[in-house]
Amino acid sequence: MCSPCELFGVTDSSVTDPVLVKAFVGGLLIGSGAAVLLLLNGRVAGISTIFGDVLHLVVGESGWRVAFLVGLLLPAMTLGLGAVELPRGWYLIVVSGLLVGFGTRVGSGCTSGHGVCGIANLSRRSLLATMIFMGTAIVTVFIVRHGGRT
Amino acid sequence: MKIATALVAGALFGWGLLISGMTNPANILGFLDIAGDWRPALAFTMAGAIAVAAPAFYFMRRRMRTLTGDSAQLPERLRIDRPLVIGSAIFGVGWGLSGLCPGPALILLTGRSLQAIVFVASLALGMVLARRLAGRGAA
């Protein structure tokens, strides 16, 4: 009865929910990708940092970064994207993109670099960063969807 | 060799994002909307990813060398500073507005929707602006 799932508010029957099984299996694959890049290339799979470095061409050694990003897109190119509900409103999309790009560079990471790799590396910086961006994201969604009312 | 392994790593990562449903912004927003119809999938994805990545990082912190013997580059900064806190807070607001973060946004480019293209262009612009600001601060 005291399963870890209950901590997330998930009842026992939903543990076999295909959506959550896929989410977990997908997570295992994401972790495998991060492990391969770490163990064989000695690099952290932080997508905002990799993309940012390619964008600025700051580092001479950009081959592996481009290869990682190409690899990232390959499954979607061959398997398709599946069901996707894209955000609406050009103003929202532009503002969101600017904030995500600016914030991830200033904060040195995003959901992959801090949220997955940093926490896996037991980094206090990454754990704090993840708690902060989750927190402000939750507040933002609350205000946008519920107008600040419960 | 480094190129091939990075390609495989990226493909595994991208496949995982796709299977997990995290490339669909609706699933992200569903997780962040704790006052609505909450969807816990993102927590399962993060748990799975960390469960696999953590042993690799544990191994690497001890060894600091790749399996092929090259030196590994792990982040060296340990101190919690203002840029980390402010940048992460700003990122979270942007993430909450659209449900998009850099990885899924790049993958959505394969669908060739104008939304994904405009988002990634804005993301790139935001990164350039951050670099300009950092450059001025250092000068």
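A residue counts as buried here if 20 or more other C-beta atoms lie within 10 Å of its own, with C-beta atoms placed from the backbone. With that in hand, welcome to this predicted model. By that count, helix α4(B) is mostly covered, with 12 of its 17 residues buried.

**Where chains A and B meet**

- The contact between the chains brings together 100 residues of chain A and 101 residues of chain B.
- On the chain A side, at least two residues come from each of α2 (18-41), α3 (47-56), α4 (63-79), α5 (90-106), α6 (111-120) and α7 (124-146).
- Helix α2(A) provides the largest share of that side, 22 residues.
- By residue type, the side of chain A that touches chain B has 64 nonpolar, 29 polar and 7 charged residues.

**The two domains of chain B**

- Chain B is assigned a domain 1 (1-74) and a domain 2 (79-139).
- Their C-alpha centres are 19 Å apart.

**A closer look at helix α4(B)**

- This helix covers residues 82-98 of chain B and reaches 25 Å from its first C-alpha to its last, close to the 24 Å expected at 1.5 Å a residue.
- Among its buried residues are Leu84(B), Ile90(B), Phe91(B), Trp95(B) and Leu97(B).
- The buried set also includes the glycines Gly87(B), Gly92(B), Gly94(B) and Gly96(B).

**The largest nonpolar core**

- The largest nonpolar core has 82 residues, and those touching the most other members are Ala34(A), Leu37(A), Leu38(A), Val116(A), Ala53(B) and Ala105(B).
- Helix α2(A) gives the most to this core, with 13 residues.
- Both domain 1 (1-74) and domain 2 (79-139) of chain B take part, each with at least three residues.
- Setting aside neighbours within four places in sequence, Ala105(B) is in contact with Leu100(B), Ala116(B), Phe119(B), Val120(B) and Leu123(B).

Technical notes
Residues numbered from 1 in each chain as written. Chains lettered and ligands numbered in written order. Predicted model: local features only at pLDDT ≥ 70, side-chain atom pairs only at ≥ 80, totals over all residues. Contact = placed C-beta atoms within 7 Å. Helix = DSSP H or I, 4+ residues; strand = E, 2+ residues; numbered from the N terminus. Nonpolar A, V, L, I, M, F, W, Y, C, P; charged D, E, K, R; others polar. Domains from an automatic or database assignment. Expected span 1.5 Å × (residues − 1). Core = buried A, V, L, I, M, F, W, Y, C linked by C-beta atoms within 7 Å.
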